[in-house]
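Keep it brisk and group the points by topic.

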Amino acid sequence: MLRLALTLIVAAECSLAAAANADVDFQRQVRPILSDNCFLCHGPDKGTRMVDLRLDVKESAFGERKNGRAVVPGKPDESLLIKRIYSNDPAFRMPPVFSHKTLTQEQKDTLRRWIEQGAKWSQHWAFVPPVKEIGR
């Protein structure tokens, strides 16, 4: 019985380690975090957008700003997004206190891993034109 329990624990730890090292999927993992926590102030609505930063559009999220770039692929420590979500200063940290939103450690780690892995950006499948494969 003890051997079975130990085997299950080791298998679970291996599974968690594999999940932590797996590629982060932008559409499944990153966009929902940004949508739920960031898009109100950094999304498509011009009326609520702050500091002219859109995190729903790749060109804006990766674009140069006067104090750096929100997302620097492969360099989380240079990414303003990471600096802001991990900040210990409540006045600097995102999401801001007034939004009544907070990121879990898992969500923060997902965003960090996504940037570490190159910040691959993909469109929702509904916006990707179909391509006919030759020979089918």
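Ser60 touches Asp52, Leu53 and Arg54, leaving out residues up to four places away in sequence; contact means heavy atoms within 4.5 Å. This is a predicted model: local features need pLDDT of at least 70, side-chain atom pairs count only at pLDDT 80 or more, and totals for chains, interfaces and linings use all residues. Residues are numbered from 1 along each chain as its sequence is written, and side-chain values use heavy atoms, with hydrogens and water left out.

**Ser60 in helix 4**
- Ser60 sits in helix 4; helices are DSSP runs (H or I, at least four residues), numbered from the N terminus.
- Ser60 is buried because its relative accessible area is 19%; buried means under 20%, exposed over 50%, and partly exposed in between (1.4 Å probe, protein chains only).

**Helix 2**
- Helix 2 covers residues 26–37, and its buried residues include Phe26, Val30, Ile33 and Leu34.
- An α-helix has 3.6 residues a turn, so residues three or four places apart point the same way.
- The buried residues of helix 2 pack against helix 3 and helix 6 (105–116).
- Asp25 caps the N-terminal end of helix 2, where a side-chain oxygen lies 3.2 Å from the backbone nitrogen of Gln27.

**Loop between helix 3 and helix 4**
- Met50 belongs to the loop between helix 3 (39–42) and helix 4 (58–62).
- Met50 counts as partly exposed because its relative accessible area is 37%.
- Val51 is found in that loop between helix 3 and helix 4.
- Val51 is exposed, at 58% relative accessible area.
- Val51 has a positive phi of about 45°, although it is not a glycine.
- Met50, Val51 and Phe98 make a nonpolar surface patch of about 320 Å².

**Loop between helix 5 and helix 6**
- Ser87 lies in the loop between helix 5 (80–85) and helix 6.
- Ser87 is buried because its relative accessible area is 12%.
- The side chain of Ser87 reaches the backbone nitrogen of Asp89 at 3.0 Å.
- Ser87 is in contact with Phe92 and Arg93, leaving aside neighbours within four places in sequence.
- Pro95 is in the loop between helix 5 and helix 6.
- A cis peptide bond joins Met94 and Pro95, with omega about -10°.
- His100 is placed in the loop between helix 5 and helix 6.
- His100 is exposed, at 73% relative accessibility.
- His100 has a positive phi of about 60°, although it is not a glycine.

Notes: Patch = residues over 30% accessible without salt bridge, like charges linked within 9 Å, V, L, I, M, F, W, Y side chains within 5 Å. Areas by Shrake-Rupley, 256 points an atom, 1.4 Å probe, with all protein chains shown as cover. Salt bridge = Lys/Arg side-chain N within 4 Å of Asp/Glu carboxyl O. Helix = DSSP H or I, 4+ residues; strand = E, 2+ residues; numbered from the N terminus. Polar contact = N/O pair within 3.5 Å; in protein donor to acceptor, adjacent residues only side chain to side chain.
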